[in-house]
Amino acid sequence: MAPVTCSTTSSEIRIGEVEDVQELRRARPTAVPERYVRDTNERPALSAILPSLHVPVIDLSKLVCGTKRQSQEEMAKLTAACEEWGFFQVINHGIETELLETMERVAKEFFMLPLEEKEKYPMAPGTIQGYGHAFVFSEDQKLDWCNMLALGVEPAFIRKPHLWPANPANLSYTLEKYSKSIRRLCQILLILISRSLGLSPNYFNEMFGEAVQAVRMNYYPPCSRPDLVLGLSPHSDGSALTVLQQDTTSVGLQILKDNAWVPVHPIPDALVINIGDTIEVLTNGRYRSVEHRAVTNRESDRLSVVTFYAPSYDVELGPVPELVNDQQPCRYRRFNHGEYSRHYVTNKLQGKKNLEFAKIQTSY
């Protein structure tokens, strides 16, 4: 996801009937409407899975305040994670467990509200803020088995206050506090990523200007046929960094590695970090964004809180000059970040197809 308001007007888009999956589950527990049933080649039951692999775990405390040796060893792990995985889990990140638990609780309380209450904050077709389904652009598009609440956070002009729920009463307050903590974490991570590339520590933070930040809360109800549906379609994120908090009830997030899907097993109090398309472009492909998806569970529901962090919309992006040479020629063109964000949010989630926007096309 790219944190920007879609400029496409809802009147231009016909998405057909989109059932609320929680209401569908309550009314018809065993039903899976045709719009949710994936084509055979997309069904999770037929995908190659690598359950024995584990996403790297980075101890942030060793990088920030560890000994020189600890810091060097952890930096090597971070570099390898960015180069080889595009994903890692971070522990000892400094965000209080109580705040994480409160954010998870109030998000869950929102999704448990009656439908008529949640529909006070509708996500209009062709937009990506509010409650509903995002990235739906046609009547025949397959749907994800998921309900979402997506909100712009920073800068102030991307906020839509009328879409911030008044119920639960402490959701807005908690989200403000949570988002400030996640923003600090992203700034720290960008310092470390800059250092890992041999750049000045504040290279990316200074380049980003007034960074854009958005949050999306995802609720995945149980599904009677998890072999036929996806909770979230495969995609890479348009952001620079994505920070995901996932509950520990079930394993739902999977990432694509070596043409197979690797489950990301929840670690209590850990946060999942992934490299977005923006960092791939800036590093000239050295650090790559990675396709990921969410699967569902027959018995358990699942909740995640996802933060997208990206440069200011007016920033011009392209490979950092220090990372381009004869051995690593320039792979991406220069473009305005706001332009890419608009491109990202006006197209359905489809692997890494959106990044074709930025690639230099070579002819033979």
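Start by selecting helix α4 (residues 97–111) and helix α6 (residues 171–196) in this predicted model, where the crossing of α4 and α6 is left-handed. The axes of these two helices come within 10 Å and cross at roughly 140 degrees; angles over 145 would count as roughly antiparallel, and α4 and α6 are therefore oblique to each other.

Next, show the side chains where the two helices meet: on α4, select L99, L100, T102, M103, V106 and F110, and on α6, select L171, T174, L175, K177, Y178 and S181. Sorted by class, this contact of α4 with α6 has 8 nonpolar, 3 polar and 1 charged residues.

Now turn to the aromatic rings, of which the structure holds 10 pairs. Select F111 and Y219, whose ring centres are 5.6 Å apart and whose planes stand at 20 degrees, so the pair is stacked. This pair links distant parts of the chain, since F111 belongs to helix α4 while Y219 belongs to strand β5 (residues 212–220), 108 residues apart. Both F111 and Y219 are buried.

From there, move to F208 and Y309, an aromatic pair that is tilted, with 6.5 Å centre to centre and 35 degrees between the planes. F208 lies in helix α7 (residues 203–208) and Y309 in strand β12 (residues 302–310), so this pair ties together parts that are 101 residues apart in sequence. F208 is buried, with a relative accessible area of 1%, and Y309 is buried as well, with a relative accessible area of 2%.

How values were computed:
Residues numbered from 1 in each chain as written. Predicted model: local features only at pLDDT ≥ 70, side-chain atom pairs only at ≥ 80, totals over all residues. Heavy atoms only, no water. Axes fitted to C-alpha atoms, helices over the stretch in contact; angles between N-to-C directions. Helix = DSSP H or I, 4+ residues; strand = E, 2+ residues; numbered from the N terminus. Parallel < 35°, antiparallel > 145°, perpendicular 65-115°, else oblique. Left-handed = near helix turned anticlockwise from the far one by under 90°. Contact = heavy atoms within 4.5 Å. Nonpolar A, V, L, I, M, F, W, Y, C, P; charged D, E, K, R; others polar. Phe/Tyr/Trp six-rings, centres within 6.5 Å; stacked < 30°, edge-to-face > 60°. Buried < 20%, exposed > 50% of the residue type's maximum accessible area, 1.4 Å probe, protein only.
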